Amino acid sequence: MKVRMCCAGLRNLLQGLSFSAKYYSKHNPPQTMCPYRKIGPKKCHILDCSKNTCTHRTAPPGSILPCRFFSCKQEGAKVPSKRRQNTSIVTSDLLHKKLLKTEQKNWNDISPTYKAMTKRIKEKLEELHNMCTLSSGSPRMRFGENVYFEENGCIFLAKADDDEGNAEILFSVEDLGFSDAFIQRIRISPDQRYMAISLKSENSEEATCITMKLGNLPVVEKVIPSVFSFEWAANDVLYYTTQKNLKCQNVFMTTFIYQKHTKLVYTEQDARFFVDLYCTKDRRFLTINSSSKTTSEVWLVDCRHPFESPSLVQARTTGVLYHVEHRKDQLYILTTYGEPAEYKLMKAPVASSGKENWQLVYALEEKTKLVDFEMFSDDCIMFLKNAGHLYLNVISFVSHSVQSIKLPTWACEFELESHPEHTTSTCYFQLSSPVLPPKRFAYSFKENNLIEQAAQEVPIITNCHTTRLLAKSKDETLVPITVFHNKNSKELHRRPLLVHVYGAYGIDLNMSFKEEKLMLVEEGWILAYCHVRGGGEQGLGWHRDGCQHNKLQGLHDLRACITLLHQRGFSQPSHTALAAASAGGVLAGALCNTDPALIRAMVLQAPFVDVLNTMMKTHLPLTIEEQEEWGNPLEDEKCMKYIKSYCPYQNIKPQCYPSVFITAYENDERIPLTGILQYVQKLRRAALDHASRTSEKGNWIPNIILDVQASGSHCDSSWEHSLNEVARHLAFLNRELEEVCHPQDHSKTCK
């Protein structure tokens, strides 16, 4: 069983602070997230920090799922009169139910068309999945002589020097009656007497924390509902945050000593801010991180005195993000403070932590993305991305030197493994690409070298070619594109092309391994990942250049990328499909309105297609928080006009649209289903209107399909659910491009 454990490192915090990393998880999310959720283990994952992307993760501080967010209701916002409000709610509810019923009937009528193709794809994907999971083991968390790991919904304890594979079960999801949940996060207390686990089902964004006392017979000590993050401040003192309406604003402390008690220790008053917990690597401090999308603030709890009140590191300063680590009475601060407004590593004494005392240790180069950061006793490692390539910088605090090590050129994604002991001499991590399963690597501080671990017997396309291109956008900016195709494919201009885009929140496109990507390249598809502005592939500035009043830059970038791909001989418009999820639906939907002739089909997962109306509704749980990404149309008329100029729903018009397949979730808390229902109805009417007005030879009516899932949520999904979604999307694309995909079997001509 393949199980992923992501580290407690700063990656998720960086995502939350800068909107420049992954999520997800799945995924990804965030989950970057391509329109398919990452196909993962059949049971559950251990997730140290909850990546868009989006892979089984939830939002880190500042909310970084590769997905659309909405904020809490703004204080003082105007509310309609009770009578008018009630009438509006009833009318809206009736319309919603009517549209939903219509779309469910449409899907039931058309779904048999894809049944045979869906079955074939599912069988192939399951075969690939089984080959990958059988050949890889579960990541381990080592604490001294003990090793903890998870498989099939169970947490095991083994001895590090036990070569016979003996292990005891500490926890079982099914035995405790949580058969429909997966393990999201695990924390072991410093003395290993207690273990805290969060469990989450795919139909809810709230998790339950189970606290257990370990020993000969592990015993459940406490069950805490609606928990987001938690950390052990001491052997028997647990801090945790609670989640309500997608917001985390309260921090509690609970003890497990003789006088057990729970108390509130911190409350965030500003609805734009999200609170998360993180322990420094040396476990000296527990940090309370309160972050919006542009600003952050950190409070310290001294783990030697966990009952004392938290102390403030630096009061929030508008536009300044920072996160804190600790080493030898010095705070090491990862921050955007100073010019340029990109991440820098600075330090200050614990006793004088104000920004006036911050001293520069290391600054990133221009257009460099900080992917992750890990602290050790005498060194720290920065995982960086520059011009599409991954590398790591090792900063020695002893020799005051910086060593840069370029990682293999095929690597597109990395995942840092858990390193609970900061004195370790080796850092372990995994590298992968969309078509290459994870490979384990180790960096040795003593040997000062990079070591590839034992090769895993996984299906690898040895003849897959990777090409990196630069497309010139409307304003001459060069936009990176990563392309994968089979070397044996001939006449690439006739092969099907699947283009991926996201371009929001400073989140990179999710380029971790996915079985469906491997299958597509094996079958002759070309995969292209367009790293447009609004994402984070080239640092924080790349995000700033594609958010708020710069959102159209991302659309120009996407258009330039697809045009260049066709000019370079990678497929052609009639053989091209576009894939996006969540906030990626903004650019994908906008392109369909402005340049429908560039693509033949589009698949969207929980897409954000009604930006303007959503940002006008402050009663939605995350709208206020989202204003830093999209702007505030309620108070800024210029902003309202700008959003209206690119909003997919607002710009639908009678024309020849590509075929569209949308998957949405009935209980999605992040993307209102009503907006998607209305978008589909309006798009279908526009396509039919155009067809009725024209009598051109070869005129056609696109397939516009909405599949509304009664179960599932925006961020997490079981293996079976993910498999079904992916198979349906690929079946749709194969049918739309069937002459291209299977020329020997079909005679139907494409548009």
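Reply: A residue is called buried when its relative accessible area is under 20%, exposed when that area is over 50%, and partly exposed in between. The model is predicted, and the values below are computed from it.

The helix to look at is H6, residues 551–567. H6 has 17 residues and reaches 25 Å from its first C-alpha to its last, which is close to the 24 Å expected at 1.5 Å a residue. Twelve of the 17 residues of H6 are buried, so the helix is largely enclosed by the rest of the structure. Just after H6, Gly569 takes a positive phi of about 90 degrees.

Next, the sheet. Seven strands form an open sheet in the order E7-E8-E9-E10-E11-E12-E13, and the pairing is antiparallel. Its edge strands are E7 (181–188) and E13 (262–267), each of which pairs on one side only. On average, neighbouring strands of this sheet are turned by 45 degrees against each other, with direction ignored. Val251 has Tyr266 in E13 as its bridge partner.

Glu231 forms a salt bridge with Arg187, and their closest N and O atoms are 3.0 Å apart. This pair links distant parts of the chain, since Glu231 is in strand E10 (residues 219–234) and Arg187 is in strand E7, 44 residues apart. Glu231 and Arg187 are both buried.

Side chains of opposite charge can pair when their charged atoms come close. Across the whole structure, a search finds 36 salt bridges. One of them is between Asp475 and Arg533, with the closest N and O atoms 2.9 Å apart. Asp475 lies in the loop between strand E30 (464–472) and strand E31 (478–486), and Arg533 lies in the loop between strand E33 (526–530) and helix H5 (540–544), so the pair ties together parts that are 58 residues apart in sequence. Asp475 counts as partly exposed because its relative accessibility is 36%. Arg533, at 3% relative accessibility, counts as buried. Elsewhere, salt bridges that share partners join Lys247, Lys293, Glu625 and Glu626 into one network.

A pair within a single helix is also found. Asp109 forms a salt bridge with Lys105, the closest N and O atoms being 3.1 Å apart. Both residues lie in helix H2 (residues 82–110), four residues apart, which is about one turn of the helix. Lys105 has a relative accessibility of 53%, so it counts as exposed.

Last, the cysteines. A disulfide requires two cysteine sulfur atoms within 2.5 Å, and the count comes to zero disulfides. Cys303 is in no disulfide, and the nearest cysteine sulfur, that of Cys279, is 4.7 Å away. Cys303 counts as buried because its relative accessibility is 11%. Cys639, at 12% relative accessibility, counts as buried.

Technical notes: Residues numbered from 1 in each chain as written. Predicted model: local features only at pLDDT ≥ 70, side-chain atom pairs only at ≥ 80, totals over all residues. Heavy atoms only, no water. Pairing = 2+ DSSP bridges. Helix = DSSP H or I, 4+ residues; strand = E, 2+ residues; numbered from the N terminus. Axes fitted to C-alpha atoms, helices over the stretch in contact; angles between N-to-C directions. Expected span 1.5 Å × (residues − 1). Buried < 20%, exposed > 50% of the residue type's maximum accessible area, 1.4 Å probe, protein only. Salt bridge = Lys/Arg side-chain N within 4 Å of Asp/Glu carboxyl O.
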